[in-house]
Amino acid sequence: MNGKTAVPRPIGGLQFLWAYLLNHKQTGSVVPSGRALVARMIRPVPQNYSGEIIELGPGNGTLTVRLAAKCPNARIVACEINPALARRTRTNLAAAGLEHRVEVISDSAQNLLNDRIRRGVPPADFIISGIPLANLTRPDTFELIDTIHGALRKRGMYIQFQYALVDREKIKAKFWRLRTVPVLLNIPPALVYYAWK
Ligand SMILES: C[S@@+](CC[C@H](N)C(=O)[O-])C[C@H]1O[C@@H](n2cnc3c(N)ncnc32)[C@H](O)[C@@H]1O
């Protein structure tokens, strides 16, 4: 299987729009990511990867479903702050028969990652995030980037999409190496950061 694996298209676009209308800063986008953006986000994760992947801000599970289909041996933990969207992610995973591969946690990324660090849970190889960093305050952005860094193993990869370059330097300052890839075939066009610890 690869990033183009056929899985049922996750539903919940209207719910996503509603989440945006209720809290646009937190939701960060009017629509879920498109296929090209999701493909770019999950491309670095090998199909036969059998460790743990943490996804932050799965929304309706658009990326989660594709990632779980691509990596049948991986353990995926998806952490969504909006309980309604967390439920939608679970429903979409179940519709694709992938619910047993993903643990969906309804909490903030900060709580999940800090709790893992506190409990000494082994650091993850991949952290994939759709959290709208640009909508956080500057101190909160630095804090989240620090926490993500702390929850990754050495040479582990942090993958993040954004719609603007505003936080590029903050990520670059914290990580060993950063690559920025534009994804024009998305509404709106986006950027994907690949950051290595
Ligand atoms: C731009 S959407 C991306 C959704 C999905 N990953 C996609 O690509 O379609 C951002 C998501 O992050 C969630 N989110 C925002 N802040 C969060 C936080 N601190 N912890 C966990 N999820 C968060 C929002 O509720 C929303 O579902």
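A: Happy to. Buried here means under 20% relative accessible area, exposed over 50%, and partly exposed in between, with a 1.4 Å probe and protein chains only. Helices (H or I, at least four residues) and strands (E, at least two) are DSSP runs, numbered from the N terminus. The model is predicted, so local features need pLDDT of at least 70, side-chain atom pairs count only at pLDDT 80 or more, and totals for chains, interfaces and linings use all residues. Residues are numbered from 1 along each chain as its sequence is written, and side-chain values use heavy atoms, with hydrogens and water left out.

Let's start with strand S7, residues 190–196. In S7, 7 of the 7 residues are buried, so the strand is largely enclosed by the rest of the structure. Both of its faces are covered: Ala190, Val192, Tyr194 and Trp196 are buried on one side, and Leu191, Tyr193 and Ala195 are buried on the other.

Next come the partners of S7. Two strands pair if DSSP finds at least two bridges between them. S6 and S7 run antiparallel and are joined by 7 bridges; in one of these pairings Val181 has Val192 of S7 as its bridge partner. A hairpin of 6 residues links S6 to S7.

Now for the whole sheet. It is open, with 7 strands in the order S3-S2-S1-S4-S5-S7-S6 and mixed pairing. Strand S3 (102–106) and strand S6 (177–183) stand at the edges with a single partner strand each, so one side of each is left without a neighbour in the sheet. Neighbouring strands are turned by 15 degrees against each other on average, direction ignored. Such angles run from 0 to 180 degrees between N-to-C directions, and the axes are lines fitted to C-alpha atoms, for helices over the stretch in contact.

Elsewhere in the sheet, S1 and S2 pair in the parallel sense over 5 bridges, with Ala78 in S2 as the bridge partner of Glu55. Helix H6 lies across S1, S2, S3 and S4 and runs at about 150 degrees to S1; contact means heavy atoms within 4.5 Å.
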